[in-house]
Every structure is written in structure tokens, then in C-alpha cells.
Amino acid sequence: MTKRALKRQAREGVFDHHPYSEDAKVRRLPVDRGGWSPMGAHGDDRDQSYLKTLKPKSTGQAALMEAIDAYSLVMALGPAGTGKTYLAVAKAVEALEAGKVGRIVLSRPAVEAGESIGYLPGDMEDKLAPYLRPLYDALSDRLSMKRVKQLLAEGLIEIAPVGYMRGRTLNNAFIVVDEAQNCTYTQLKMLLTRLGWHSTMVVTGDPAQSDLLPELSGLSDIAARLEAVPDISVVRLAEGDIVRHPLVASMIGVL
């Protein structure tokens, strides 16, 4: 605002010029009390938060989200790119932020995809980091990395390998078992029986992409047996539920 405009406002009585001398080199700009304010219309703090809305992109994803809300144990089976892991982790974060559970437990078998990467230095978390990268990606998409690190440090998010789950009882927790096709029948039986009070468990996997020998993977057998249990939901996603690049759906149909 120019000096002439300030003088005009002073003459009209809009701007109080008494605290300032005539020869002041630095002048304060007038504040229009009736205009826009960064504090909002009524002086309240504006909500600067941003959260992606979790919406299903297919019929199968909608059925999976409804099953997670309705059942304590859900098995999500389907091809790559159907959003099994992402929806499970997103629902876990949603439950934790809403106070429905006290912690999130993420478990995944440390099985290499057809090749050995050799010895990995560091502690247990460092050795498991390459195998658990998909879970970190899903977490960081729903929460900031700073928030993820804070929850990990506080123990509200726990990432544990399948081999360390025996003997535990997981109460008041949201458990996500990812890549379950790389678990044997005995391992899956052990994992499923870890479910405690006020907890939800989601088991995800693609029986067609097991890195174990076909006779060793227990996911298909476990899912077929549990499908008859009324209080357990087995959601089978199909090629039409793939939300990655359209070529993924085309390749799944011919590979």
C-alpha cells in the first residue's frame, strides 16, 4: 500500500496514526478486521490435515473392506495388484488412529523370490527390511514417515517375522499377515491361532505366486477349510479387481 493511500486512510479515520511519528521510516500496514483472516471466520484454527480417502475401486475390494469391518478373521486371496496388502494395512492404520486397537502387528515370511541375496549385516530389523519393504510402503502412504518411525519406536507398530510368532497371544491388535502363500500349512495354523481378544487378523496372499514348492504352500488348503466356518470370511479377488497398470491384468490372464 502506498504512502498516499495510508494518508487518505488516516484522514478518514480508518487507520490510527497516533502511535507513529510523521517522519517514521518504517510504517505498519493496516489490518482490515473485516476481511479474510488466516485464523478462519470465527478465529478458529484451520484444519491443515490431509488424509487420503480410502475407497474401493472394484467390487472385490468393496467386499474385502466390508469383511474386515464385520469379521475378526479375514483371508484375502487374489492375484497381484488387487490391493490386498494396501487395503489391509490401510484398515489397520484406520483402526489404530480411531482407537479401536492398541497396536498393529505386521508379519511376513522371510522367503526370497527365487534367488539368494546372501548374508545381510545389522540387527534383526536390518536383516528383515528388504522383505518387509512392501509393508513400509503401504504404511508411509497412509502416514508420514516421521509418524511411522514414531509409532515403531513406541511399539504401536510391530513388524515381526513369521518364525518369531509362536507362543504369542495378540490381544487388542490388528494383525496383518502378508505373502501368506509362502507359509506352510503348519506356519499358517500357528499364525491363525495367535488371534486374541478384541483383535482383527487379515491374511493376504496369492496362491498362484508361491516361492515355495507347490506341495509346501498351505494357503489354498487353509482357505478351503476355513471357508466353511461361519465366523470367518474368505474373500477371493479376481483379475477384474486388479488396480495396477492395465497390462498387469492382461499378463495375469496368460501367464
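**Entry 1: helix H3**

I started just past H3, where Gly-99 takes a positive phi of about 80°. I am working on a predicted model.

Next I looked up H3 itself, which covers residues 84–97. I counted 14 residues in H3, with a reach of 20 Å from the first C-alpha to the last. That is close to the 20 Å expected at 1.5 Å a residue.

How many residues of H3 are buried? I found 11 of the 14, so H3 is largely enclosed by the rest of the structure. I listed the buried positions: Lys-84, Thr-85, Leu-87, Ala-88, Val-89, Ala-90, Lys-91, Ala-92, Val-93, Ala-95 and Leu-96. Burial here means under 20% relative accessible area.

**Entry 2: H3 against H5**

I took the pair H3 and H5 next; H5 spans residues 133–142. Their axes come within 9 Å and cross at roughly 50°. I therefore noted the two helices as oblique to each other. H3 passes H5 in a right-handed crossing.

Which residues make the contact? From H3 I noted Thr-85, Tyr-86, Val-89, Ala-90 and Val-93. From H5 I noted Leu-135, Ala-138, Leu-139, Asp-141 and Arg-142. By class, I have 7 nonpolar, 1 polar and 2 charged residues in this contact.

**Entry 3: H3 against H2**

I then turned to H2, residues 59–70. The axes of H2 and H3 come within 11 Å and cross at roughly 35°. I logged this crossing as right-handed.

H2 contributes Gln-61, Leu-64, Met-65, Ile-68 and Asp-69 to the contact. H3 contributes Lys-84, Leu-87, Ala-88 and Lys-91. The residues of this contact divide into 5 nonpolar, 1 polar and 3 charged. I also checked the H3 side against my burial list: Lys-84, Leu-87, Ala-88 and Lys-91 are buried.

**Entry 4: Ala-160**

I moved to strand E3, residues 157–161, where Ala-160 is found. Is Ala-160 buried or exposed? I read a relative accessible area of 4%, so Ala-160 is buried.

I looked for its contacts, leaving out residues up to four places away in sequence. Ala-160 touches Leu-106, Ser-107, Arg-108, Met-165 and Arg-168. I also took one distance: Ala-160 and Val-177 are 9.8 Å apart, C-alpha to C-alpha. In sequence they are 17 residues apart.

Most residues other than glycine have a negative phi. I noted two residues with a positive one.

Asn-172 has phi near 50°. I placed Asn-172 in the loop between E3 and strand E4, the latter at 173–177. At 35% relative accessibility, Asn-172 counts as partly exposed.

Glu-179 has a positive phi of about 55° and is not a glycine. I placed Glu-179 in the loop between E4 and helix H7, the latter at 185–192. What is the relative accessibility of Glu-179? I read 23%, so Glu-179 counts as partly exposed.

**Entry 5: whole chain**

I closed with chain totals. The secondary structure comes to 9 helices and 6 strands. Of the 255 residues, 38% count as buried. I also looked up contacts between residues at least 6 apart in sequence. Among these, 74% join residues at least 24 apart.

Notes: Residues are numbered from 1 along each chain as its sequence is written. This is a predicted model: local features need pLDDT of at least 70, side-chain atom pairs count only at pLDDT 80 or more; totals for chains, interfaces and linings use all residues. Side-chain values use heavy atoms; hydrogens and water are left out. Axes are lines fitted to C-alpha atoms, for helices over the stretch in contact, and angles run from 0 to 180 degrees between N-to-C directions. Helices (H or I, at least four residues) and strands (E, at least two) are DSSP runs, numbered from the N terminus. Angles under 35 degrees count as roughly parallel, over 145 as roughly antiparallel, 65 to 115 as roughly perpendicular and the rest as oblique. A crossing is left-handed if the near helix is turned anticlockwise from the far one by less than a right angle, and right-handed if clockwise. Contact means heavy atoms within 4.5 Å. Ala, Val, Leu, Ile, Met, Phe, Trp, Tyr, Cys and Pro count as nonpolar, Asp, Glu, Lys and Arg as charged, and the others, Gly among them, as polar. The expected span of a helix is 1.5 Å times one less than its number of residues. Buried means under 20% relative accessible area, exposed over 50%, partly exposed in between (1.4 Å probe, protein chains only).
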